[in-house]
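Dear colleague,

Please find below the structure that I am handing over to you. My notes on it follow directly after.

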Amino acid sequence: MKKKRLILLLLIIAWAILVFGLSGQDGGQSSGTSRKLVEFFTSNEEIIDIVEPYVRKLAHFSEYGLGGILFTLLFATYKWSDRKVIVISIALGIWYASIDEIHQLMVDGRHGSVFDVYLDSLGFSTGVCGMLAILKIKEIFFLFFFIFLLFFSNMSTENMKRKESLVCYAEMKR
């Protein structure tokens, strides 16, 4: 368990450094990255100009969604209640999104935005809730699988007892 926690903690640190690094890009670099992605799919300048800002916002949402997933996986190793995992994870996500936007205020060609804090927090929350849902589905699946195995192993045990009883009864009749 300690090894898993350490790996998740290192992944969270790598995620935080990545987000900080992307936020440290000046406005031209940041737009250029999104623009290249859109240009991969189309060369129509009009479409590129329309779609590129949405790609940037989707990137905000997605990178924070990944953070939410990582924090949820880490906190789930502590066997905390779902409520505690959600509250602490989302609080940390909002805090980091706020710090990220403050950082962007200090970068040339970038600006901090309350809307981006909201979008990042929404992405983080989606990652947290989505990962918790997956973990719960996994628990339910294993519970049903365990019950299924118990049921069929019990049936086969009962059948074995019946067969033994029939053999004993047949031997007594001889």
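I begin with a histidine. At 9% relative accessibility, His-60 counts as buried, because buried means under 20% relative accessible area, exposed over 50% and partly exposed in between, with a 1.4 Å probe and protein chains only. His-60 belongs to helix α3; helices (H or I, at least four residues) and strands (E, at least two) are DSSP runs, numbered from the N terminus. Apart from its neighbours within four places in sequence, His-60 is in contact with Glu-101, Gln-104, Asp-116, Leu-119 and Asp-120, where contact means heavy atoms within 4.5 Å.

Please note that this is a predicted model, in which local features need pLDDT of at least 70 and side-chain atom pairs count only at pLDDT 80 or more, while totals for chains, interfaces and linings use all residues. Residues are numbered from 1 along each chain as its sequence is written, and side-chain values use heavy atoms, with hydrogens and water left out.

Overall architecture

The protein chain has five helices and zero strands, so that its elements run α-α-α-α-α from the N terminus on. Of its 174 residues, 29% count as buried. Among contacts in the protein chain with a separation of 6 or more, 71% are accounted for by residues 24 or more positions apart. The accessible surface of the protein chain comes to about 12000 Å², and carbon and sulfur atoms hold 72% of this surface; accessible areas come from the Shrake-Rupley method with a 1.4 Å probe, and for residues only the protein chains shown count as cover.

Helix α4 has 24 residues and reaches 35 Å from its first C-alpha to its last, close to the 34 Å expected at 1.5 Å a residue. The expected span is 1.5 Å times one less than the number of residues in the helix. The buried residues of α4 include Asp-100, Glu-101, His-103 and Gln-104.

Aromatic residues and the core

The structure holds 12 aromatic pairs. Rings of Phe, Tyr and Trp (its six-membered ring) pair if their centres lie within 6.5 Å; planes under 30 degrees apart count as stacked, over 60 as edge-to-face and the rest as tilted. The rings of Trp-15 and Tyr-64 are edge-to-face, because their centres are 5.5 Å apart and their planes stand at 90 degrees. Trp-15 lies in helix α1 (residues 2-23) and Tyr-64 in helix α3 (residues 45-76), so this pair ties together parts that are 49 residues apart in sequence. Both Trp-15 and Tyr-64 are buried.

Trp-15 also forms a tilted aromatic pair with Tyr-96, at 5.4 Å centre to centre and with 45 degrees between the planes. Tyr-96 lies in helix α4 (residues 82-105) and Trp-15 in helix α1, so the pair ties together parts that are 81 residues apart in sequence. The relative accessibility of Trp-15 is 4%, and that of Tyr-96 is 14%.

One aromatic cluster is formed by Trp-15, Tyr-64, Phe-71, Phe-75, Tyr-78, Trp-80, Trp-95, Tyr-96 and Phe-124. The largest nonpolar core has 18 residues, of which Trp-15, Tyr-64, Phe-71, Tyr-96 and Phe-124 touch the most other members. Helices α1, α3, α4 and α5 (114-173) each supply at least two residues of this core. A nonpolar core is a set of buried Ala, Val, Leu, Ile, Met, Phe, Trp, Tyr and Cys residues joined through side-chain atoms within 4.5 Å.

Two charges sit over rings: the charged end of Arg-5 is 3.9 Å from the ring centre of Tyr-78, and Lys-84 lies over the face of Trp-80 at 4.6 Å from the ring centre. The criterion is NZ of Lys or CZ of Arg within 6 Å of the ring centre and within 35 degrees of the ring normal.

Individual residues

Glu-63 is in helix α3 and is buried, with a relative accessible area of 16%. Not counting residues up to four places away in sequence, Glu-63 touches Trp-15, Val-19 and Leu-22.

Lys-79, in the loop between α3 and α4, has a positive phi of about 60 degrees although it is not a glycine. At 68% relative accessibility, Lys-79 counts as exposed.

Asp-26 lies in the loop between α1 and α2 (27-41) and is partly exposed, with a relative accessible area of 34%. Asp-26 and His-111 are 85 residues apart in sequence and 9.8 Å apart in space, C-alpha to C-alpha.

With kind regards
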